[in-house]
Amino acid sequence: MIMPKHFFLETFGCQMNVVDSEQIVDLLRGMDYAPADRPEDADLILLNTCAIRDKAERKVYGHLGRYKPLKAVRPGLILGVGGCVAQQQGEKLLKDIPYLDLVFGTHNIHRLPDLLRDVEIRHRRGHALEFHDRETRLRLFPQRSGGEAVTRFVTVTQGCDNFCSYCVVPLVRGREISRPSGEILDEIRQLAASGVREVTLIGQNVNSYGVGVPGELSFARLLAEVEGIDDIVRIRFTTSHPKDLSDELIDCFGSLKKLCNHIHLPVQSGSDRILRLMNRGYTREQYLDRVRRLRRVRPEIRLSSDIIVGFPGESEEDFADTLSLTEEVNYVDIYSFIYSPRSGTAAVKLEDSLTAGERQARFDRLLKIQEDISRQWRERDAGAILEVLVEGESRQGQGQLFGRTTWNRIVNFAGPRDLIGSLVPVHITQVYRNSHLGCLVTDQAPSHG
Ligand code: SAH
Ligand code: SF4
Ligand code: F3S
């Protein structure tokens with residue numbers, strides 16, 4: 001009997017990498033690899049990497065270092081790196097890390113089986129790093145299967161053309177392409193048929209979906225089509241670039257009932273001067289105008305955001321503008337990051353006199369303000385009966401389920417397994433920092449959500 005081979009895959013970074021990792025798993029299963037629970041048990045270890053900030057990139061080297069000793073005790077163990085760091089560092093990774101076997105970039109996931117065979121059979125280290133044109137990329141889109149999941153990501157665009165001055169994504173993911181709407185809708189129908197109830201349409205900037213493609217639907221029209229797919233009960237999308245958030249798209253929050261009450265709308269900075277240096281393409285006032293319209297159309301909507309602290313040349317006044325915008329918008333959550341210079345981006349050429357200490361101090365001030373705001377939002381949910389889409393069994397233990405509110409907060413509660421995939425009313429009894437605890441309501445309709 002042939003012993004099955006095992007793989008251990010680690011995924012870093014954003015939703016794009018999550019979807020890419022699903023494709024990697026499908027390819028590996030097709031090569032008779034089964035998942036391993038621990039790297040120690042694997043014949044193949046793969047890292048799907050993120051290059052967005054220096055810390056993310058350093059993590060890759062750290063993890064590889066940890067796997068090095070495994071190669072000594074397990075001869076034949078294959079080590080590979082894919083994703084955005086692979087794309088950016090390329091062959092340098094193979095040169096710097098003598099015990100690394102293969103490197104594949106963001107346009108070359110489909111090459112993984114060839115690269116693996118080369119290592120397995122010919123003991124030849126290899127890489128696949130070239131970018132492909134639009135037609136090739138569209139042809140290479142993987143066929144996806146449903147599996148057990150209640151909620152899934154569905155790719156609508158790949159790559160990014162925005163070139164925000166701090167950002168490495170356009171360099172590591174290539175130009176933006178939109179997938180044909182017919183294929184997206186077919187995929188969602190198939191996912192729905194296998195039990196998926198919620199889809200999150202993903203791309204670096206979903207708002208520019210279809211732009212420049214003759215005859216293609218706008219993103220708003222695409223959402224309306226998804227609304228028409230019966231078994232899908234909830235729709236989300238991410239990420240939305242404020243400069244391309246059209247009235248037509250905002251108005252979807254008025255007309256499409258399945259669209260959740262949440263939007264992630266990264267602002268990055270509250271200062272017009274910094275927004276210009278970031279090449280974001282909107283002003284503070286234009287951003288606030290979008291927020292007001294969203295709230296007019298869907299009063300229950302909650303917003304989250306990404307903010308970069310300490311962009312080169314950010315003055316105390318610029319930073320004060322970010323703080324005041326954060327308070328004015330009243331975000332339910334923010335993801336804040338200390339600016340990290342990325343090679344190949346425009347911002348590395350800007351004059352930068354801020355010290356690490358100044359950056360950290362600003363970061364801490366922002367976090368403190370947001371913590372209070374987030375806590376107030378959480379407390380609003382305490383005692384309410386909210387509609388929860390049940391996603392699975394909770395890690396908390398037996399008989400516990402988990403799901404999410406329309407605002408994307410996790411709720412844990414006791415209930416039978418057969419509720420997985422249903423929308424149920426849950427009475428929120430405890431609110432914690434990262435999740436809510438609740439009780440299933442058996443005889444009452446939800447009060448909101
Ligand atoms: N396409 C999305 C997300 C991009 S990456 C968007 O446009 O919003 C996620 C977040 O990482 C960004 O929103 C930004 O806040 C942060 N980020 C990107 N580059 C960064 C850098 N060089 N330093 C610090 N944070 C960065
Ligand atoms: Fe990066 Fe800007 Fe593109 Fe987002 S929109 S991925 S921040 S370049
Ligand atoms: Fe990171 Fe690449 Fe996503 S750099 S944020 S994994 S596109």
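This is a predicted model: local features need pLDDT of at least 70, side-chain atom pairs count only at pLDDT 80 or more; totals for chains, interfaces and linings use all residues.
**Exercise 1.** Identify the buried residues of helix H9, and work out how they are placed around the helix and what they pack against.

*Solution.* Begin with burial, taken here as under 20% relative accessible area: in H9, which spans residues 219-227, the buried residues are Phe 219, Ala 220, Leu 222, Leu 223, Val 226 and Glu 227. Next, consider their directions around the axis: they cover an arc of only 160°, which puts them on the same side of H9. Finally, look for their partners, which are helix H8 (181-193), strand E10 (198-202), strand E11 (234-238) and helix H10 (247-255).

**Exercise 2.** Find the residues with the most contacts inside the largest nonpolar core, and explain where this core lies.

*Solution.* The core has 50 residues, and those with the most contacts inside it are Leu 201, Phe 219, Leu 223 and Phe 237. Since domain 2 (133-260) and domain 3 (264-381) both give residues to this core, it lies between them. A second, separate core has 28 residues, among them Ala 51, Tyr 67, Ile 97 and Leu 100. Returning to Leu 201, and leaving aside residues up to four places away in sequence, its contacts include Val 154, Ile 188, Phe 219, Leu 223 and Phe 237.

**Exercise 3.** Determine the volume of the largest cavity, and state which helix gives the most to its lining.

*Solution.* The count comes to one cavity of 30 Å³ or more, and the volume of the largest cavity is about 50 Å³. Its lining consists of Arg 302, Val 332, Asp 333, Ser 374, Trp 377, Arg 378, Asp 381 and Arg 409. Helix H14 (residues 356-381) gives the most to this lining, with four residues.

Conventions. Residues are numbered from 1 along each chain as its sequence is written. Chains are lettered from A and ligands numbered from 1 in the order in which they are written. Side-chain values use heavy atoms; hydrogens and water are left out. Buried means under 20% relative accessible area, exposed over 50%, partly exposed in between (1.4 Å probe, protein chains only). Helices (H or I, at least four residues) and strands (E, at least two) are DSSP runs, numbered from the N terminus. The arc is that of the directions from the helix axis to the C-beta atoms. Contact means heavy atoms within 4.5 Å. A nonpolar core is a set of buried Ala, Val, Leu, Ile, Met, Phe, Trp, Tyr and Cys residues joined through side-chain atoms within 4.5 Å. Domain bounds come from an automatic or database domain assignment. On a 1 Å grid over the protein atoms alone, a cavity is a set of points where a 1.4 Å probe fits but cannot get out, and a pocket is an open set with protein on both sides within 12 Å along at least five of seven lines; lining residues have an atom within 4 Å of a point. Grid points are joined across faces, edges and corners, and a volume is the space filled by probe spheres set on the points.
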